[in-house]
Amino acid sequence: WLRAGATLTPEFIARNPLRDQFTALMQTKLGYKPLVDSTGAIADILGKKEVYYDWLRSGGGHSTITELSRENLKRALTTLRGSKSILSKLNIITKMQDLSQLMEQATRLGVYKAARQKGLSSVEAGFQSREATVDFARIGSSIKEPNRLIAFFNANLQGLDKSIRTAAQDPKGLAVKGTSLITAPSVLLYLLNRQDPDYRELPNWQKNLFWMFKYPGTDTYVRIPKPFLYGQVFGSVPERFLEYADRKDPRLIDSLKKSLVGSLSPVAGDPENITELAAAILPTALKPIIENFANRSSFLGRPIVPESKKDLRPSEQYGRSTTETAKAVGRTLEVSPAKFENLVGGYGGGLGRYALQIGDRIIEQVDKIVGKAPARTKPTEVTDIPLVKGFTSRAHLTSPESVNEFYDNREAAETDYRTARELFNRNDDEGAKKILKDGNAEFYQLTQKAGKALSKLNTYADELVKSGKYDSAELKRKLAEIDRQQLDIARKVNKVIRAK
């Protein structure tokens, strides 16, 4: 479920080939021309040209992640037997698999053609095409069982292994390619963004995984996917160090460290956070349950239920972007809509979230039929459009970093304050004074007051959305103003604490 849900969304199908272009260029020395060769390969595959069949006969096929699903292998066997059913032709999942497979195969076939032009034999070229990105069929016998339990375990392991082999075979060539193709544009892009206060509010995980730049005249960011490991090493590392030099914010280094560990490890999780690490190494089927129990997303590194809603009844624990479907489930079962959405995303990936949005459309139509006023959700943004949303982002509607930092500071201040008070009650004055000197207990009152102000603004935003008084444009303007007020409060408090 998760593999299909994560790899068959329009966003993945469009972004993955872009990452593959960089990876193939970094890992081959065949004169592969990114985008140009893959575009020609798409025409060869769709036209069923002889070079495509040569590539399949060479053994270059069945190495992509889509091809290796059990259902897809069964379908390939049925097709070879010439007995493809009408039902499979109408199956939308089948069609999405075909499209995803086409995009993955295009890069590999492009490498195959480049290898053949270099004089390699068909079998040698087929091998080069498999190794150009990640050969998902390459797996050791001891890894088969963990790979059945932990999603993408072998895929991540093979990606790391191939990167190490590439570096060992041609360290100088890899360094030259990485510096010129990834480091140089990353540094230039950071210098372009460094004075933009909105850039600072983008979630760090996005800045680590994407090249981000603001579309002129808007507050929308375009995001171009970086190749996973090479993008972190050659792109995100210099970016975050430059940003750290500007801001002296240790959270930047922490987020980069976590992102690097995620790229270097076959499992994702912060090794210093026992909850996230446990969720990473346990079977994938348990991960969403553990995350919900701990109220923390291991990928985003932030609470699932917003801090401002965690003390409410479960059915009221949701954010501004939570779907109406999840809210309806929450009211019916008296569970947290935010945690329900995390379960759906944890088991169904991006397709699971699309299912929730389809549920919203159904609820909307039912409300119209029965004459009930439809629930007013947040205004539609370009960042909500399928496919487009995979390449765009808005800072202030995606949990701005200053607000996340504030909640971390408030939690630290609460912990230090209560610890110091407990030590005073035990007559351990020395221990209490040490906590007061070294910790953030002195900011307890400040963070509590600011937290209440943020909570009131969140409540006001919810009331605006529910009221139905404003059209989309006016509602967008009012919500943006609330976002700005929250940012101002969070930034001021953070500045005071950093100055200690």
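Helix α18 is followed by E334, whose phi is positive, near 55°. Helices here are DSSP runs of H or I with at least four residues, numbered from the N terminus. The model is predicted; local features require pLDDT of at least 70, side-chain atom pairs count only at pLDDT 80 or more, and totals for chains, interfaces and linings use all residues. Residues are numbered from 1 along each chain as its sequence is written, and side-chain values use heavy atoms, with hydrogens and water left out.

Helix α18 spans residues 324-333. Its buried residues are E324, T325, A326, K327, V329 and G330. Buried denotes under 20% relative accessible area, exposed over 50%, and partly exposed in between (1.4 Å probe, protein chains only). Helix α19 (337-370) is included in what covers these buried residues.

Two further residues with positive phi lie in loops. Most residues other than glycine have a negative phi. F152 has a phi near 65° and is not a glycine. It is found in the loop between α9 (144-149) and α10 (153-169). F152 counts as partly exposed because its relative accessibility is 24%. N427, also not a glycine, has a positive phi of about 65°. This residue is placed in the loop between α20 (401-425) and α21 (429-438). N427 has 68% relative accessibility and therefore counts as exposed.

Y190 is located in helix α11 (residues 171-193). Its relative accessibility is 4%, so Y190 counts as buried. Leaving aside residues up to four places away in sequence, Y190 touches Y199, E239, L242, E243 and D246. Contact here means heavy atoms within 4.5 Å. Y190 and L242 are 52 residues apart along the chain, yet their C-alpha atoms are separated by 8.0 Å.

The charged end of K207 sits over the ring of Y199, 4.8 Å from its centre. The criterion is NZ of Lys or CZ of Arg within 6 Å of the ring centre and within 35 degrees of the ring normal.

Aromatic pairs were searched for across the whole structure, and six were found. Rings of Phe, Tyr and Trp (its six-membered ring) pair if their centres lie within 6.5 Å; planes under 30 degrees apart count as stacked, over 60 as edge-to-face and the rest as tilted. Y52, Y53 and W55 are linked into a cluster by ring pairs.

Methods:
Helix = DSSP H or I, 4+ residues; strand = E, 2+ residues; numbered from the N terminus.
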